[in-house]
Amino acid sequence: MKCTIVPYGNAGWSEKRRFMERLIASRPGPPFIYNEVLLLVPSSRMKRMYGRLFLDLVLQKGSSALVQPEIQTLHHFFEKLYSSLNGPRLMDENSRLVLLEGLVKERLINNSLFNQSPDLLAPSLSAAIARMIEQFSASGVGPDELLFKIRDADFFDKHQVKLLTEVYALYADLLEKRGLIDPAGMRAYLRDHFEPSWLADYSRIVIDGIQDASRVEADILRKMLDCGNCAYLLDAPSPNLLGHAGEFHPLRITKDFMSDIGLTPEEEIVGMNNDELFLAAALFSDRPFAEIIQNAPAPAQFSKTINLLSMVNTREEVSMIAGMVKQSLRNGVVPDSILVVFPALDEYGPLVEEIFNDYGIPYNRALGRQLSTSPVSTALISIFRSCQEDFSGPSLLRIFSSPFTKFSEDPAIAPALDKLMRVRRIAGGKDKLLSALAHLPAEDEGRDILYGPLVELFSVLVPFAEQAAIPLSVWMDRLDKLISWSGLAARVDKIHGPLNINLQAFKKLNDTLDSLNRAGMLFPEFTYTFNEWLFLLKRTFMHARFQVPPEDEGGVQILGIEESMGHPWKEVYLGGLVDTAFPRRLPQNIFLPEQALEAMSVRTIEKARLSAAYHFYRLLLSADVVTLTCPENEGDRPMAPSPFLQELTPLKKAGLLNRGIEKTSGIQFSLKLEESHSIPELAKALSQSANVKSIQHILNAGIKGLSGIRTAYEFKPAGPTLTIPQQKREFWITELDAYINCPYDYYITRVLGIEPLEEVTEDLTPMDRGSKVHSILRNFYLAWNRPITRETRDEALALLRKLANSAFDKEADTFRNRREKELFNSVMAERFLDAEEDFWKQGMKPAYLEQKIEEYRIVLSNGEEVGLSARIDRIDVDENGNFIVVDYKTGGYPSPKMGPEQDIFQLPVYAIMAQQALQDKDPRLGKPIGLAYYDLAGKTGGNARDVVLYNKEARNDHPTAKPKASPKSPEEFETILKQSMDKARKAVEGILAGDFSSKPQDENKCRYCPNEVMCEKKEP
Ligand code: SF4
C-alpha cells in the first residue's frame, strides 16, 4: 500500500492540516459528523491535538456542530476491538507482575536455585523475567518456540535460562487454565482471529505517525491495511533518504517497519527547502566529512539556527535554557510553539519546574509524574516504613509532620516527640518510647500530647507486624482499613490551589491499589510477607504515573522525548545530552546472549539506540531554531557528552553551528544585576554587588518576592569586629593562603569558626580522603628506600596497595568509601608510580617527608616579629643540595602564569622556609630549584608530577603541564620566592589590623561561597 511521507516540522504539519481539511470537506455543510472515520495516532497528546484541530477547522466553517472522528492510540484501539470479542479475560500489568513474581518465587523455593533466599531474589528476578516474557510475546515467540530455538545452545543448561523457560511455560499454562490473557496475548489473539468486519463501521481509516511497532502489532496493522480505505502518514525527510537508510541510520526503524507492514512511499511528496534537505542528508551520513562540508550552504545563507552549548552543571543548564526561553517569549514567540525536551525528564523535571516557576515562564510538564514521588504516596509509605523500622525517630517524625495524616490536625505532636527523643537520648523504638513516656513527670505536657497518638499509631499498625506470609488480597484489605483510619482522603480534599496536584495523585493511588487488589483476588495462592508486600507496593507506586489535568496543557511544552512527536515547533531546546542518558545505557541481558535474542527479533539494546538516534534526528529537523545542551558535571562527577553530538562535527566545520555565539562551553548564569531573570537570581546578584542604589526603585515597587530582599538590605550585616587576639604571633602558611584567597571568608571560617553544617554521614569527606592519601604516600617512602624502576614497580605497587587497603579498610564499608579506595588503587597509585619512575631517573630522591617547620621569623613593617609555621609534604634533593618542594594534591591547584606575578603562594614560601630551616641538616638543603604539585587524580590530564615553577638554568628536564609558563630564569624564580614571602607578610599585617574586607582573589569563588549571604562584596 502507498503511504504519504511528510517531513518533520512546519512543512509536515501544514500538509497534515491540509489532509484533514480535505477530510472535513467531504461533508458539504453542518452538521459535521465524522464518527465513521478512525484516526490512529501514537500518543494521547497527539490524540488531544487532533481533537482540537478538528474543532478549529469546523469552527472556521462557521459551525461548532461536530461529531469528532474516533481518534485513538493504537493501544486503546486494540483494547476496544478486544472488548467486543469473546476472548479470555484481559488482565492488567499489575496482575501480570504479581503472577510472574509468584511463579518465580515458587521455582526458587522448589529448586533452591542460585542458593539464595527466594525473598531476596524473587522481586528483581521476576521483574527481569516479566520484561523478557513481554519482549518474546511482542515478537510472537511463545514458550514452546523459545524452547525449540535454544534447546541445543550451550547456554541452555544455565540456571537463569532454565528459570526463564520454565516460568514462561508455567505462566502461559496458568493463563490458559484460568481463562486469562495478558496485553501481549491480547494482541496475538487479535492477529489470529482478525476479521475485516471489525472495521466495517469505518468508512475511512487514517494512521498518522505510527513509525514502529512490535512484530505482532505490525501483523494486525497489515491486516487492517489489506481491508482498504486506509491512508497512512509517515514522518521522514524524503522517500529517497528513507530508501537509502543504512544499518545504523536512525531512519532504519521506519524503513524496516514499512517493509514489515507492506508500505511503499508515494512518489509525490511535500518538499523541504534546500537547507533542511542538506541537514537531513548530513546527519548520520556515511559520507566523508569533507564531502558533506563541500556541499554545505554558506553560513550567511543557512536559514536554520543550530546551537550546541555546554554548561558547568545541570542547574546552570536549566537556568540557561529558561533564560533563552524567556527571551523568546519576550520577543513574541507563542509559548505553545516552544518545546523543551529532556531524554531523562524524570530526573530533570523537578529542577525544570523550580527554575521555570522562578522565571515566571508558563509551562506544561507532561509525561506524568511517578506516583512514588507524590507527597500523598510518600505519606502512606512512611507509615509502613515506621512499622518496618520499629518506629524509628525519623520515620515517626515524618508521619507526625505530614500534612496528609490525621495527626496533622495537631502540630504540637512532632516537636514534642523530637524533644522527648533528644532529652531521653533515644532514637525511637516502640518499647523505648512508651517507657520514656511512662517516666515523664506528670506535669510534663509532652506526655499528654504524645501518649494518645503514639498508642493509636502502634495499635493500628499491629496487623502489619505479622511475620507470616499471607495472600495479597488480605494485605490489601488491611491497607484499605488503614487508609480510612489515616484520614488521607479528607486531608487531600482540604488542600486547594497550587497543591491540587495531590488530588490527581490520590486518584491514581486509589486506581493502583484497586488494580493490586484485583491481582490479589485473581491469584490467591501467592502469599507475601510484610516486607515483600511493602516492596511490591513501593515498586508499583514507582511504575504508576499520574498526569496533570488536560486543561493545563498550555504554555511552553516540557516533554519527554517521545511525546514531542507530531507537533510543529518554532523553537526546540533539547537538554541533558550526556552519555549513558542519551542513548540510555541498558543493562546487559542476564538470560540470553544478544545474538540469540536477535535471531528471535528481540533487539532491545540495538533498538533503544536506534530509537534514541531517530528522535535526535527528528528534533534537529523539527524546528528552525534548535538548541542542544549538555551539563559538563553532575555533582562532583564530570559528564561525557552524548555520542550523537558527534553528528554535528561537519556542521561545526562548515561554520553552521553556534553562529554568532562566542562562549559555547563552561556557561554559567550571569550575576549582573541587569541580567537577572528571576527573584532568586536577583537576590544572588545583589548579595554579590552591594550596589543597590541603582535598583532601589525596583526594590520599592512592591513586586511579589522582593520584600524579602528589601528587608534583608535594611539589616546590614555587622562588620567584622576586632576579635583577633593582638598577641597572636604564630601563623600557619595555610591560614595565610586562606586569607589571601578572601579575607572575609578567612574571618568567617578561621576567626569566627563558622562552617556550614555537614550532613551526618559515614562517607569520607574530601578532606579526610586528602589526609588519607597523604599518609599513605608518606608511609610508602618511609618503608621504601630505593629507586622505583620498571623492574621494581610491581613491588612498589603492591606496597602502595597494601598501605591503601589498611588505611581505607578502617573506614565504614559504604559505596562511596569503596569507590575512594578503588580510585586510589586504580588511578592515584598508578599515576604516582608513573611519575616516580621518571623522577628517580633524574638523580634526585625524596629526602624529607611531611617536614614540619616552626618559628620561621619574619619582621613586619612596624618592626615587630612574628613566626610562621608549615608542614611540607615532601622535599626532593639532588647530590648538590638543590631541592624541589613538593605538594601532593587530590583536587585542583593553581596554575603557573607567565611573568613573576603568581597565584601559587604556599610552595614558594615553603621553599624559603625550608632553605633556612634545613641548611644544617642531613641532607643539607642548598638552593631551591623548583616547586612541584602531584596531580594524583589527573585533573590536568598530564603527568602526575607537575613542576609548576622552576629555575630553568638549574635544570630543564622537569615534567610540567604548562611548558611555557613553568620555566623561569634564575632571577624571575628568585623574585617569585621573594614576592610570595612579601605576600605572607602583608597577609599577617592584614589579619592583625582586622582588615577582613570582601576581596576574593578569584571572583569566581563567590558563586559557590556559602558566605555570600553574609558578606558585602564590593564591586570591583
Ligand atoms: S562571597 Fe566572595 S567575597 Fe564574600 S566571602 Fe565568599 S569569596 Fe569572599
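Student: Hi! How do the residues of the shell around the ligand divide into nonpolar, polar and charged?
Tutor: Hi! In this predicted model, the shell has six nonpolar residues, two polar ones and two charged ones.

Student: Which residues are around the ligand, then?
Tutor: Four cysteines are part of it: C742, C1006, C1009 and C1015.

Student: Nice. Switching topic: where is N825 found?
Tutor: N825 sits in helix α35, which covers residues 815-841.

Student: And is N825 buried or exposed?
Tutor: N825 is buried, because its relative accessibility is 10% and the cut-off for buried is under 20%.

Student: What does N825 touch, leaving out residues up to four places away in sequence?
Tutor: With those left out, N825 touches R801, A804, N805 and E830.

Student: Let's zoom out. How many helices and strands does the protein chain have?
Tutor: The protein chain has 37 helices and 29 strands. Its C-alpha trace spans about 105 × 85 × 75 Å along the principal axes.

Student: What share of the residues is buried?
Tutor: Of the 1020 residues in the protein chain, 51% are buried. As for the accessible surface, that comes to about 47,600 Å², with 52% belonging to carbon and sulfur atoms.

Student: And the contacts between residues at least 6 apart in sequence: what percentage join residues at least 24 apart?
Tutor: That would be 76% of those contacts in the protein chain.

Student: Last one: how many positive and negative side chains are there?
Tutor: There are 120 positive and 139 negative side chains in the protein chain, and the centres of the two sets are 1 Å apart.

Key: Residues numbered from 1 in each chain as written. Predicted model: local features only at pLDDT ≥ 70, side-chain atom pairs only at ≥ 80, totals over all residues. Heavy atoms only, no water. Helix = DSSP H or I, 4+ residues; strand = E, 2+ residues; numbered from the N terminus. Buried < 20%, exposed > 50% of the residue type's maximum accessible area, 1.4 Å probe, protein only. Contact = heavy atoms within 4.5 Å. Areas by Shrake-Rupley, 256 points an atom, 1.4 Å probe, with all protein chains shown as cover. Lys, Arg positive; Asp, Glu negative; His and termini not counted. Charge placed at Lys NZ, Arg CZ, Asp CG, Glu CD. Near = heavy atom within 4 Å. Nonpolar A, V, L, I, M, F, W, Y, C, P; charged D, E, K, R; others polar.
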